[in-house]
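I opened my notebook for this one and went through it feature by feature. Here are my entries, in the order in which I looked things up.

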Amino acid sequence: MVLLGLIFIPVVMGLLALVLRHDASRRLLLPVTAVIHSALTASAWFDAPGPVWGGWLLLDGLGLLFLSITSALFLVASFYAVGYLGKEDRGQRQDFQEGVIFSNAPEAAFVACLLFFLASMTLVTLCQHFGLLWVGVEATTLASAPLIYFHRHRRSLEATWKYLMICSVGIALALMGYLLLAIAVPETPGTGVPMVVSELMRLGTSLHTVWLKAAFIFFLVGYGTKMGLAPLHTWLPDAHSESPSVVSALLSGALLNCAFLAILRPLQVLSAAGEGPFGRELLVFFGLLSMAVAAIFILGQEDYKRMLAYSSVEHMGIISLGVGIGGGAAFGAMLHAVNHSFVKGMLFMVTGNILAAYKTKNTRKVQGMLRLIPVTGVLWVLGFLAITGSPPFGPFLSEFTVLKGMLDTGHTTAAVMYLLLLAIIFIGMTSVVLKMSQGAPSEAHQSMASREIYATVIPPALLAVAVTVLGVYVPLPLQALLHNAASLLGGS
Amino acid sequence: MDAEALIHIGIALLLAPLFLGVVNRTKAVFAGRQGRPLLQAYFDLAKLLRKGAVYSRTTTWVFRAGPVIGLSAVLMSLTLLPFGGQGALISFKGDFVLFAYLLGLARFSTVMAAMDVGSSFEGMGASREVTFSALAEPVLFLCFLALARHTGVFSFSEMLPAISYSTWTHAGPALVLVASALFLVTLAENSRIPIDDPNTHLELTMIHEVMVLDHGGPDFAFIQYGSALKLWAFSALVVGTLLPIGGIDLPTGVVLSTAGTFILAVMVGAVESTMARLRLLRVPQYMAGAAAFAVFALVIAL
Amino acid sequence: MGIWVDSTIIFIVLTNFMLLASSRLAALVRGVALQGFTLGALLLLTHSDNLTYRVWLLVVAAVGIKGIAFPMFLKRTLNNINVHREVEPYIGYSLSILIGIAGLLLSLWIGSRLPLPGPIVSTLAIPVAFSTMLTGFFLIISRKNALTQVIGYLAAENGIFVFGVTAVHSSSIWVELGILLDVLVAVFVMGIAIHHINKEFESTDVDRFSSLKD
């Protein structure tokens, strides 16, 4: 019941949003749904709900972890979104980058798609059946494409088209992976084996190895496109930089995690069949490659939203690397998923405020944030420190755990590359962020600044507090859940 | 000397102009016209043979030899083709290579004669003809290879008569593909639409017609007869690939093959009536498509 | 029976070449429609020994969506955007056909390397599925028109469907219907995006998407 509610309540609310005419009440649907969703998720912490639809939907440790991240981030983002939508001008306005006149998409479509997006991501976290998992991931693509195209101008249309095409092609490859996985199941007389994770893990070594490995490769490439692993990440910077900030926050913080979950499920089956090292080696390779590509593109980046997008690629690389190394690093990777989502969500919301104040996405033109919009400026600097892995914030702890895991298992060259790339990214981001926050704001901007309103500042501040707390002390229930999740992946 | 094989040569020699007549009559029917008489080609040949010839002072013996070599080469190639489920007059392993090169010799002599005239008009037609034939030849060989692969033998006289009902049940699609590719090559090599329009007289659109523009009288008769025989040869090839008449007795086989050839004539006429001539730039694509058919037929045997 | 399955599969390859060689968008739409119908026929032929109601349901859904709904929707989009020809693709048409032949040879090689564990419908099935997928992906990367990219995506999905029909015997009906539904919505969303692209850029030329870069 709980599981079905988690999926269908946002869908119903989304349909309601399409019907409601009054703007304010439509916007209220977002926090209301978020609160209900979070309440249901919290109840699942205390009282694990049973399987539904014959085991197709089941909340295990991994699923609960990613569901909680998604739910918490959506809760914060929904309050931010109410403020954001309130400040958006109705009708047409001028695009600050190219000067074209454009308008926004209808708000009803935006709110409805946000709720459908939540529902589809929830479906991905709850799903144990590979076919339904595919349907869920494809649904997230389709629900989020209109969200990217909220500001209706050329660049966002270009970003939306690239997102649609690249992710659809990737997900088509993942479908091929599903079919290959179905072939890997040995022929059983009778009704056949349901393509559910637990059943496939039970079959273990009786699965045909060649087909299983081929299936994993297709899953990795297909869902890896959605997750943002290099070299399949090319849609990510465009989509994250052109979409509204609240959407970027959700894309980076929740969607990439759910796509990774879709890769972790085949990894579970692969490990149960004894081919775990093969899959994990691939994850390590793609993880390091993602970090390297992100480092190259962050240096000299002129658009701060694109910089954050490449940072997402880097952190997805770290998470993939952690799971690939296994052992203690897997625990670190799971913790990092939590930390990264919160910090990245906060950073993107902060960029929404920066954009509203400075009306430009160019890093060279933004100056003196700490004087003009002080609270946002402070959050921006804190967020940057957190995302690059400085103590006392959460990501430091998780990245350190991953490093320790690498050194413990003897992956010294990988550890050296890891540290080197982290350092390069730190250098790249420092120069951008500090130049943006310090100094004096130019005359033109001083006259344009709008006062910071609570609704757009408090949600990111809350996330910053959460990340700081996580950097010092990981609550015991969360620790237990993380250990549970890591052990499902063959870690500790 | 196989007496039965001589039957094919006789039928070909006799009925080739009738093939042209059927093609033209089909085109007329499509256009709603009465059209020429079916035997018009015979009357044209008879008329041309009675005429005298005029030779330009700029030409040499090459010009006079062209039509003769062409006709004799095509006649020789006919002796290699089986018909009606029987072996050909001359057969040995790999005779399809000789077949292709005999046709090449015919083409070469026509081209040489055209260039011997010294006019750029014929030279233009010669260059076009040679380009398209260069593209068509690999396709022809691919088709032969595919047929050889499916039947397991390397001589025409064994390949084509070996195609029986059982070949169709396990290699049917391949045979259809090979026949389609051969049909496309037939249209290309014999200057039919969509490669070349046999009725046109505009410089922009002529290929074959422009090469033979300067011949007259008996020379032109040889050329016309030679092209009719060439068309018959290709059609016999296509019909031989398609008809499952392996193992049938001689009279039925001959009758069926002849009927098949004339049905092919109707098809050629239908294609000529319903399609427009392709732009010259698109002809390589057309040949690439035919090559795709042939390669596909070859690889599904592997 | 085997010869009919083989013929259907070979016909799918011929539709691939038709897609690779066409420059007119209407011909491309016709090509995917033909593929849709052929897939329905293939479904019927491979399950001809036990035609349960679920097989019929899947056939109707596949033919209805892939053979009828998509082409109708694409035709309507085509008429609205008023573009009828792909004028200058990145890779020319003759070269496309040759690359299609190369892709076919590659797929045949891959097919020989992957022996199917279960009962085999046809030795050509896996190679043709792969080659259809390759054709679809090749169309996406080598053509400039956004509508051609959508058609390439549809062709790739058709290839995966062929693979699913001929190689997999134990898939749940709801999953296959869900997959079809998802593809339907995906194409629908892409069609809407193409409308917007046409309005914004006055053309559906993807080559103009060059403002977002590093």
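In what order do the 3 strands of the open sheet in chain A run, and is the pairing parallel or antiparallel? I read the order as β1-β2-β3, with antiparallel pairing.

A note on conventions before I go on. I number residues from 1 along each chain as its sequence is written, and I letter chains from A and number ligands from 1 in the order in which they are written. This is a predicted model, so I keep in mind that local features need pLDDT of at least 70 and side-chain atom pairs count only at pLDDT 80 or more, while totals for chains, interfaces and linings use all residues.

**Entry: the sheet of chain A**

I took helices (H or I, at least four residues) and strands (E, at least two) as DSSP runs, numbered from the N terminus. Two strands pair if DSSP finds at least two bridges between them. Strand β2 (residues 101-104) of chain A is joined to β3(A) by 2 bridges, and the two run antiparallel. I looked up one partner: A:N104 is bridged to A:H151 in β3(A).

**Entry: which chains touch**

For contacts I used C-beta atoms placed from the backbone, lying within 7 Å of each other. There are 2 pairs of chains that touch, and chains A and C have the most contacts. Chains A and B share no contact; their closest C-alpha atoms are 24 Å apart.

Between chains C and A, the contact takes 35 residues from chain C and 32 residues from chain A. On the chain C side, α5 (125-142), α6 (146-167) and α7 (173-201) each give two or more residues. The side of chain C that touches chain A came out as 22 nonpolar, 9 polar and 4 charged.

Then I turned to chains C and B, where the contact takes 17 residues from chain C and 13 residues from chain B. Here α1 (2-21) and α4 (93-113) of chain C are the elements giving two or more residues to the chain C side. α4(C) has the largest share of that side, 9 residues. By type, the side of chain C that touches chain B holds 13 nonpolar, 3 polar and 1 charged.

**Entry: two domains in chain A**

The bounds come from an automatic or database domain assignment. For chain A it gives domain 1 (1-272) and domain 2 (275-492), and their C-alpha centres lie 21 Å apart. Their contact takes 49 residues from domain 1 of chain A and 51 residues from domain 2 of chain A. On the domain 1 side, α3 (61-87), α8 (209-227), α9 (235-242) and α10 (245-272) of chain A each supply at least two residues. α10(A) gives the most to that side, 15 residues.

I call a residue buried if 20 or more other C-beta atoms lie within 10 Å of its own, exposed if 12 or fewer, and partly exposed in between, with C-beta atoms placed from the backbone. A nonpolar core is a set of buried Ala, Val, Leu, Ile, Met, Phe, Trp, Tyr and Cys residues joined through C-beta atoms within 7 Å. The largest such core has 356 residues, and those with the most contacts inside it include A:L250 and B:A294. Helix α6 (residues 154-184) of chain A gives the most to this core, 22 residues. Leaving aside neighbours within four places in sequence, B:A294 is in contact with residues including B:V139, B:C143 and B:V178.

In helix α9 (residues 218-242) of chain B, 24 of the 25 residues are buried.

I found a cis peptide bond joining A:A230 and A:P231, with omega about -5 degrees. A:P231 sits in the loop between α8 and α9 of chain A. Another cis peptide bond joins A:P391 and A:P392, with omega about 5 degrees.

Is B:S191 buried or exposed? B:S191 counts as buried because 21 other C-beta atoms lie within 10 Å. Its phi is near 55 degrees, a positive value in a residue other than glycine.

Definitions and conventions: Ala, Val, Leu, Ile, Met, Phe, Trp, Tyr, Cys and Pro count as nonpolar, Asp, Glu, Lys and Arg as charged, and the others, Gly among them, as polar.
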